[in-house]
Amino acid sequence: MKKKFIAPVALSALLVGSIPVGNVFAKPTESKAVSNVQAVKKWNEKANVPLFVKERMAEKFSSSSPANALNYLKKKENQTGIKNPDKNLKVKDTKKDQLGMTHVRFNQSVNGIPVEGSEVIVHFNKNDEVVSVNGRINQTLTEDDTVDTSAALSSDQAIKAALSAVNAPDELTYEPTSEFVVYPFEGENYTAYKVNVNFMGDEPGNWFVFVDANTGKVIDKYNGLMHADDMKTQKGVGKGVHGALRELHISQVKEPKSGTKFALADYAHKGLDGILTYDAKNDNSSANDTLYVGNSASFKGDYDRAAVDAHYNSEKVYDYYLNEHGRNSLDGKGMAIVSRVHYGNNYNNASWNGRWMTYGDGDGEFMISLSAGLDVAAHEMTHGVITNSANLVYRNQSGALNESFADVFGVLIDDEDWEMGEDIMAPAAKASGSTVLRSLSNPNSVIVANEQRRSYSTNGGVYPDHMDEFYNMPTSVDGGGVHVNSSITNHAAYLIGQEIGRHKLGQIYYRALTVYLTPNSNFSDARKAIVQSAVDLYGEGSAEVKAANAGFDAVGIY
Ligand SMILES: [Zn+2]
């Protein structure tokens, strides 16, 4: 289909107007297409991606059902620009929140095939009235005659092409998966297989490869492996975590030959498939990993320490999401929380690969065992929450938001300060001035350790705290700066937190993440989502709303 239709701009933002007939589409960048640009300008001149608009006259329905959400969109076809919503939108999920609001999330689709990253959410209040709509859809795909969704390639052929495109090793973490999608990329719309390839090894990958379903060409690929950060690996020995005594939930395992053993397997939480900690045995393969097992209920050896912290911190993060947000595990459905410790050799990193956390032992010079940091564990596990909610695409601004939300919940859960990584820095690193990985309170106080990333700085190589210091990086470097530009929105969160406290900050951010944000949301969208969440929770004109606006003003995001 890409030959049939060339769109000038791939993505556009959807908004529904609060001005009487203000429902319009707006383009993020230059646009000649069908949108009502005038109305958009009235909206918000600074942000060229207006997203959020509330209905002044909410429309009441018999129930907050997906069918009624569609009915609403059908009536507003001309204002939203989403033609034929029956045909072009597919219900993804429906969620009711603690305020009694219902959020119906749609995936844009073409002939029933989902358009990658294009989602629209219709929000009902507790009286079954539609109060707002937001999201991003590809406007060029809502025409009738633009699409040929046939495929010459089989899924297996696509997987083969993907494996070779990322130099996948023979040993994969799990079977590659493929999904048939419409993929808007660099101004064209492709019919493609989205292939996920996951492996460990020297350069672990959780790759998403988009293979043209007709030519077999690789259109685009990115590594969605979410690192704590990309740090240098050096020689040395990871030694001991901080020595605190931890209470753990463990399980007895009876083995025929060796009798009773004890495993770091916690099945004490109702509705949760378990908190499980594995020993990765200092190799690069997950094939040899086994559940972490000891001879007694006491795990006090030196080698045990990294496992003890991973296990303990996992439970703390689980408890936080359950108690503060009513969320049962990373997917909200009780999925097992799996950590692997002692990964690689002297490995200065931790990651979330889409299914579990992996922690290195650190090299003992720059870092110690990364599982020692509750903020690090909270960061990695929050990536799991994000994957199962907004699913922010891991590159450019949406990727920086993914990183930023992971940091914000990192410091909300490890709540003694607003710094990331203070518990995993090795004594030598501390002595030379590297005391944290990132700082939300003062991003400028930390130097970007990676030289290549630093070369894109306009601020002397420190983490940015304002859009004026935004690092313009190609996607080939740190996914376009996901670990760097995240500091700008991190700092906004810190400023808001100073005004309203951690609890409310967490409530607002969690709501924005799970209710409003979509895969391609950018910084400006995030501001709107966060402000709207504050309005929902604390009311229009509240101190919380003012704080949210002020926080983003201060970092130059409008
Ligand atoms: Zn991360």
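Which residues does tyrosine 267 touch, not counting residues up to four places away in sequence? The legend to Figure 1 gives the answer. The model is predicted; local features need pLDDT of at least 70, side-chain atom pairs count only at pLDDT 80 or more, and totals for chains, interfaces and linings use all residues. Residues are numbered from 1 along each chain as its sequence is written, and side-chain values use heavy atoms, with hydrogens and water left out.

**Figure 1. Tyrosine 267 and the residues it touches.** Tyrosine 267 is in contact with Ser251, Asp273, Gly274 and Leu276, when residues up to four places away in sequence are not counted. Contact means heavy atoms within 4.5 Å. The residue lies in the loop between β15 (265-266) and β16 (275-279). Helices (H or I, at least four residues) and strands (E, at least two) are DSSP runs, numbered from the N terminus. Tyrosine 267 has a relative accessible area of 53% and is therefore exposed. Buried means under 20% relative accessible area, exposed over 50%, and partly exposed in between (1.4 Å probe, protein chains only). The C-alpha atom of tyrosine 267 is separated by 7.7 Å from that of histidine 249, 18 residues apart along the chain.

Figure 2. Histidine 379 lies in helix α7 (residues 374-387) and glutamate 403 in helix α8 (residues 396-413), so the pair ties together parts that are 24 residues apart in sequence. Histidine 379 counts as buried because its relative accessibility is 1%. Glutamate 403 is also buried, with a relative accessible area of 0%.

**Figure 3. Aromatic pairs.** A pair of aromatic rings is described by the distance of the centres and the angle of the planes. Rings of Phe, Tyr and Trp (its six-membered ring) pair if their centres lie within 6.5 Å; planes under 30 degrees apart count as stacked, over 60 as edge-to-face and the rest as tilted. By this rule the count comes to 17 aromatic pairs. One of them, phenylalanine 61 with phenylalanine 124, is edge-to-face, at 6.1 Å centre to centre and 85° between the planes. Phenylalanine 61 is in the loop between β3 (53-60) and α2 (66-75) and phenylalanine 124 is in strand β6 (residues 113-124), so this pair ties together parts 63 residues apart in sequence. Phenylalanine 61 counts as buried at 10% relative accessibility, and phenylalanine 124 is buried at 0%. The rings of phenylalanine 180 and tyrosine 193 have centres 5.2 Å apart and planes at 40°, so this pair is tilted. Phenylalanine 180 is in strand β8 (residues 177-185) and tyrosine 193 in strand β9 (residues 188-199), 13 residues apart. Phenylalanine 180 counts as partly exposed at 25% relative accessibility, whereas tyrosine 193 is buried at 9%. One aromatic cluster is formed by Tyr183, Phe185, Phe208, Phe210 and Tyr222.

**Figure 4. Glutamate 119 and its polar contacts.** Glutamate 119 has its place in strand β6. With a relative accessible area of 4%, glutamate 119 is buried. Its side chain makes a polar contact with the side chain of lysine 92 (2.8 Å) and another with the side chain of arginine 105 (2.8 Å). A polar contact is a pair of N or O atoms within 3.5 Å; within protein, one must be able to donate a hydrogen and the other to accept it, and residues adjacent in sequence count only if both atoms are side-chain atoms. Leaving aside neighbours within four places in sequence, the residues in contact with glutamate 119 include Phe106, Asn134, Ile137 and Pro519.

Figure 5. Most residues other than glycine have a negative phi. Lysine 281 is found in the loop between β16 and β17 (290-291) and counts as partly exposed at 35% relative accessibility. Aspartate 478 lies in helix α11 (residues 478-481) and is buried, with a relative accessible area of 13%.
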